[in-house]
Amino acid sequence: MKTVMLTINDKKFEVPDNYTVLQAAKEMGIQIPTLCYHDDLCVAGNCRVCLVEQKGMRALQTSCTLQVAPGMTIYTNTRRVREVRKTIIELLLSEHADNCTSCYKNGNCELQQLAKEYMVDGNKFIKTIRYWNIDDSSPSIIKDDSKCIKCTRCVRTCEQLQSVSALYSAHKGDHTKIATFFDKPLDEVICTNCGQCINRCPTGALIEKNYIQEVWDALDNEEKFVVVQTAPAVRVSIAEALGIGVGKISTGKLVAALRRLGFDAVLDTDFTADLTIIEEGNEFLHRVTKAIRDKQNVALPMTTSCSPGWIKFIEHKYPDLLANVSTCKSPQQMFGALAKTFYAQKRNIDPARMVTVSIMPCTAKKYEANRPEMYSSGYKDVDYVLTTRELALMIQQAGIDFEKLPEEDYDSIMGKSTGAAVIFGATGGVMEAALRTVYEIVTGKEVPFQKLNITPVRGMEGVRAASITINGTKPEYSFLDGVTVKVAVAHGLANAARLMDEVRAGKSSYHFIEIMACPGGCIGGGGQPIPTNLDIRKKRAEAIYEADMQLPIRKSHENPEIKQIYQEFLKEPLGHLSHTLLHTHYSKRL
Amino acid sequence: MENTLEKLQEKFSLIFSVCDHSKIVNAIVKKSPEEIIDEITKSGLRGRGGAGFPTGIKWKAAKEAESHQKYVICNADEGEPGTFKDRKILRDHSELVLLGMCAAAKAIGATTGYIYLRGEYAFLKPQIEEKIKEYNELFKKHSIDFTVRLRMGSGAYVCGEESALIESIEGNRGEPRNKPPFPVTRGLFNFPTVVNNVETLAYAAIIVDEGASKFASIGTKDSKGSKMFSISGDAKIKGVFELPLGMKVQELVDLFSDGDTKAVQIGGASGFCVPRKLFKERIIGFEGIPTGGSIILFNSSRSMYRVLMNYLDFFKEESCGQCTPCRVGCQQLYLGIKAIHSGQKPLQYLHELQRLASTMAITAKCGLGQSVANPFISISEHFKEEICY
Ligand code: SF4
Ligand code: SF4
Ligand code: SF4
Ligand code: SF4
Ligand code: FES
């Protein structure tokens with residue numbers, strides 16, 4: 001690696017020659033404020049708050065765009081720099097509806113933070129807020145243009161990470177705004193509700209649609225029996241959302257907090273994650289059997305279906321490949337359908353007075369819960385979806401001191417789960433969990449990886465692939481003996497699109513593909529704590545894998561409650577009840 | 001007086017004089033890239049778009065950039081209010097422009113060139129296409145591997161900025177890029193690209209043909225050569241004139257004034273306003289007021305408040321809107337002046353606005369936002385009473 005020497009604030013430093021001044025300064029412990037810059041995205045250089053002085057240059061330079069060069073002399077903290085930054089923040093505030101006290105982002109807003117640091121006068125310039133339009137058409141996202149600073153982080157997120165391009169910079173000059181196609185409401189354009197734009201928006205211009213009040217209402221209503229389920233990724237991020245550090249597993253405290261909030265039953269989406277593995281694993285085997293043994297034409301590779309952002313994406317962009325998607329509902333929806341049938345029967349509760357709430361790392365889950373086909377229990381299967389962030393707010397509202405809570409266990413039934421279910425929270429987790437089960441169904445032996453950890457599918461690479469050769473099958477699967485199963489994992493929809501283009505072109509050699517809409521999988525979901533970046537996502541993922549290792553049972557098919565539900569209720573995987581409650585269909589969307 | 005103007009023009013006409021185009025082609029064929037760059041450098045030719053970057057240095061940088069692919073772009077997006085000289089060059093002397101592109105291509109090693117034509121000049125399109133065809137063939141005949149193509153602009157002022165122009169040719173939203181990297185190292189499709197405006201290329205062709213000395217003998221030390229000026233406003237004669245660089249504003253006023261000139265706007269909306277009391281001091285050229293060529297005269301019947309508001313209205317519309325200082329700053333200058341004029345803001349607010357304009361000059365991403373300070377500060381300082389009351 002080549003390095004260069006440069007001088008920042010009269011101190012000489014040596015840094016790699018591909019660094020920007022912003023990176024170099026950061027390494028040296030010098031903070032430079034940023035707004036349009038984000039670790040996950042390409043550099044835009046449009047907010048101009050990261051300006052610094054470069055010796056020999058008349059104009060100031062944006063440190064996020066400026067490449068280091070030998071002998072460069074930079075000043076990051078001159079009077080001129082401070083004054084100019086302050087003016088820029090004041091300019092931003094002039095076109096900003098700065099009603100912080102009633103803003104959802106209050107206390108977690110980058111603009112607000114900068115305004116505080118630079119002690120700006122928000123009224124120095126004439127107010128010019130042009131767009132007051134609040135778009136709350138989407139079940140997942142609220143877009144408030146009066147809070148937008150045109151940093152284009154959302155635009156770049158949607159285009160680069162998600163290859164959706166629902167948002168773009170429209171018009172010019174004083175009419176500039178972040179718009180959708182023809183300025184249509186968000187629920188009428190191609191948007192996957194993934195919420196990745198929310199995670200990167202520095203202000204309150206993009207936020208999730210919150211259902212906190214509805215949930216409080218249900219909890220306060222004596223008539224209602226309120227069941228809550230928690231997604232795998234929430235247990236490693238709830239502490240972070242409460243400001244207690246990144247990558248902490250707090251499953252027990254999470255359960256305790258939910259109980260304190262007044263939920264009548266605290267259950268686990270992980271239970272239905274295990275169930276998904278059984279159903280989806282069998283569906284996969286079914287398809288492979290048809291293809292290899294019966295030489296029939298079935299859609300392969302099969303792709304996972306638990307990420308609703310991904311589902312909406314394929315419905316919009318690759319409707320010709322919908323047959324490749326597993327028909328399994330997501331664990332959230334399986335849970336909802338079973339809560340109001342199986343669980344209601346077991347506990348002798350009238351499903352009509354049951355309210356199901358789920359705590360999700362995901363904003364697309366809000367959309368998913370509202371899909372018209374998700375009524376297979378006879379009621380709305382999942383009534384309300386809260387993000388990790390919303391739950392954190394409720395815990396704060398209730399005055400619960402999270403750190404002091406005891407560790408408690410989930411209720412039963414539908415509260416037990418395995419390590420396989422927990423790893424659903426990280427990219428590659430579903431694949432790993434499925435392989436642990438499928439391999440064992442076919443061979444009767446554990447998947448041949450050390451301690452069941454299928455490491456090739458782990459990590460943060462955009463697309464990862466692995467192959468496993470099946471050796472020594474049970475007699476009924478003898479046609480699979482010696483077959484090498486090829487799998488791939490993609491996270492972030494731009495990576496998903498790469499794999500789907502191959503499938504569409506008939507060039508894909510994979511049998512099974514896991515796709516998660518969000519970078520890092522659910523740990524990087526659109527409902528997770530803000531900020532996010534690769535480091536943070538890695539820490540959350542590490543916590544997920546640690547949680548897996550801590551659990552006594554690490555294979556879905558060994559979950560005793562899963563065995564029980566098949567015995568008592570579902571009878572067999574892919575059976576009649578499974579078909580009505582746990583599987584679904586998809587439709588082409590324009 | 002008109003006599004003087006004629007004599008001046010006669011003396012300094014380079015583009016407007018008759019020249020032998022085949023002679024220029026031969027000169028390009030004969031000369032090595034180094035020789036071409038050398039002549040251009042010696043001539044002292046600087047970009048005629050307004051910024052005045054030395055053309056020789058630009059070509060040399062592009063030549064030295066290592067790449068198997070390079071481009072030459074002719075910026076024919078003349079959009080500065082009050083300028084129409086490129087239109088005249090394109091209409092009457094487009095050969096020179098194509099030859100200038102060819103010289104640039106040879107100098108840097110480019111095989112493809114684009115003319116980016118302002119949307120409003122669509123009426124010139126058939127004629128230019130015809131010329132392009134003719135010259136592409138001529139180049140082929142002389143075994144010069146260089147093809148020119150035409151691209152139409154969509155009418156955004158900012159697309160005159162070279163990196164926004166490049167984005168526009170690439171089919172993207174016309175927004176200026178971050179610089180560095182500059183187009184000479186990473187331009188069109190990320191290949192080294194020379195962008196020159198129409199007038200610069202026309203002069204380049206003449207210099208390659210005639211050598212540097214004739215051009216360099218005109219003008220002053222820092223501002224060499226002749227220059228096209230578009231004269232408009234309250235002038236007794238209006239139109240496009242070729243005159244030497246380095247003249248005093250007074251000399252121009254003497255030539256064109258209707259006898260009652262109180263201010264001259266040099267360089268169009270993004271240029272400087274010179275009040276009568278400074279006519280004798282200010283030089284039109286790189287040591288004084290650099291200009292793309294627009295000269296607008298105002299007589300005492302004009303309200304400088306109106307003039308400034310017009311410019312600001314223009315800028316707040318034409319800012320590409322991506323960077324904060326320009327997008328918001330232009331609006332604030334416009335609204336602020338209006339508020340002062342109507343008494344809603346105190347006089348002192350003008351200082352705040354002048355500070356804002358100076359901030360824009362050092363913080364905006366591209367020349368558009370940076371240059372708004374020029375008209376704003378010069379007009380609001382020299383005509384404060386007209387602005388405030
Ligand atoms: S977006 Fe930020 S600055 Fe704006 S009102 Fe909300 S908290 Fe305040
Ligand atoms: S939710 Fe996802 S798809 Fe929709 S606009 Fe945001 S980033 Fe794009
Ligand atoms: S919506 Fe948010 S992320 Fe998008 S441009 Fe506006 S402030 Fe930036
Ligand atoms: S200065 Fe103006 S035109 Fe230039 S990039 Fe900024 S907003 Fe766009
Ligand atoms: S952070 Fe550098 S310009 Fe916005």
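Author: Helices, which are H or I runs of at least four residues, and strands, which are E runs of at least two, are DSSP runs numbered from the N terminus. In this predicted model, that naming places Asn348(A) in the loop between H11 and strand E14 (354-360) of chain A.

Reader: What makes the phi of Asn348(A) worth a remark?

Author: Most residues other than glycine have a negative phi. Asn348(A), although a residue other than glycine, has a positive phi near 60°.

Reader: How do you know whether Asn348(A) counts as buried or exposed?

Author: The relative accessibility of Asn348(A) is 71%, and exposed means over 50%, so Asn348(A) counts as exposed.

Reader: What is the phi of Asp10(A), and where does Asp10(A) lie?

Author: Asp10(A), which is not a glycine, has a positive phi of about 70°, and it lies in the loop between strand E1 (3-8) and E2 of chain A. At 60% relative accessibility, Asp10(A) counts as exposed, because the cut-off for that word is over 50%.

Reader: Why is the pair of Phe342(A) and Phe569(A) called tilted?

Author: The ring centres of Phe342(A) and Phe569(A) are 5.1 Å apart, and rings pair if their centres lie within 6.5 Å. Their planes stand at 45°, whereas stacked requires under 30 degrees and edge-to-face over 60, so the pair is tilted. A search of the whole structure finds 18 aromatic pairs over all chains.

Reader: What makes this a link between distant parts of the chain?

Author: Phe342(A) belongs to helix H11 (residues 331-347) of chain A and Phe569(A) to helix H18 (residues 560-570) of chain A, and the two are 227 residues apart. Phe342(A) counts as buried at 2% relative accessibility and Phe569(A) counts as buried at 11%, because buried means under 20%.

Reader: Why is the pair of Tyr477(A) and Phe479(A) called tilted?

Author: The planes of Tyr477(A) and Phe479(A) are at 55° and their centres 6.2 Å apart, so the pair is tilted. Against the cut-off of under 20%, the 15% of Tyr477(A) makes that residue count as buried, and with 18% Phe479(A) counts as buried.

Reader: How do you know that a charged end sits over the ring of Phe286(B)?

Author: The charged end of Arg46(B) is 4.0 Å from the centre of the Phe286(B) ring and sits over that ring; the cut-offs are a distance within 6 Å and a position within 35 degrees of the ring normal. In chain A, the charged end of Lys312(A) sits over the ring of Tyr367(A), 5.2 Å from its centre.

Reader: What makes the bond from Ser412(A) to Ile413(A) a cis peptide bond?

Author: Most peptide bonds are trans. The bond from Ser412(A) to Ile413(A) has omega near -5° and is cis, and Ile413(A) lies in the loop between helix H13 (388-397) and helix H14 (419-422) of chain A. A cis peptide bond also joins Ile530(A) and Pro531(A), with omega about 5°.

Reader: Why are strand E2 (11-16) and strand E4 (61-62) of chain A called edge strands?

Author: The five strands of the open sheet follow the order E2-E1-E5-E3-E4 (chain A), with mixed pairing, and the edge strands E2 and E4 of chain A each pair on one side only.

Reader: How do you know that strand E3 (residues 51-54) of chain A pairs with E4(A)?

Author: Strands pair if there are at least two bridges between them, and two bridges join E3 of chain A to E4(A), which run antiparallel. Leu51(A) stands opposite Thr62(A) in E4(A).

Reader: Why is chain B described as compact?

Author: Chain B comes to 16 helices and eleven strands. Its radius of gyration is 21 Å, close to the 21 Å that the globule rule gives for 389 residues, so chain B is as compact as a globular protein of that length. Buried residues make up 61% of the 389 residues in chain B.

Notes
Residues are numbered from 1 along each chain as its sequence is written. Chains are lettered from A and ligands numbered from 1 in the order in which they are written. This is a predicted model: local features need pLDDT of at least 70, side-chain atom pairs count only at pLDDT 80 or more; totals for chains, interfaces and linings use all residues. Side-chain values use heavy atoms; hydrogens and water are left out. Rings of Phe, Tyr and Trp (its six-membered ring) pair if their centres lie within 6.5 Å; planes under 30 degrees apart count as stacked, over 60 as edge-to-face and the rest as tilted. Buried means under 20% relative accessible area, exposed over 50%, partly exposed in between (1.4 Å probe, protein chains only). The radius of gyration is taken over C-alpha atoms; the globule rule is 2.2 Å times the number of residues to the power 0.38.
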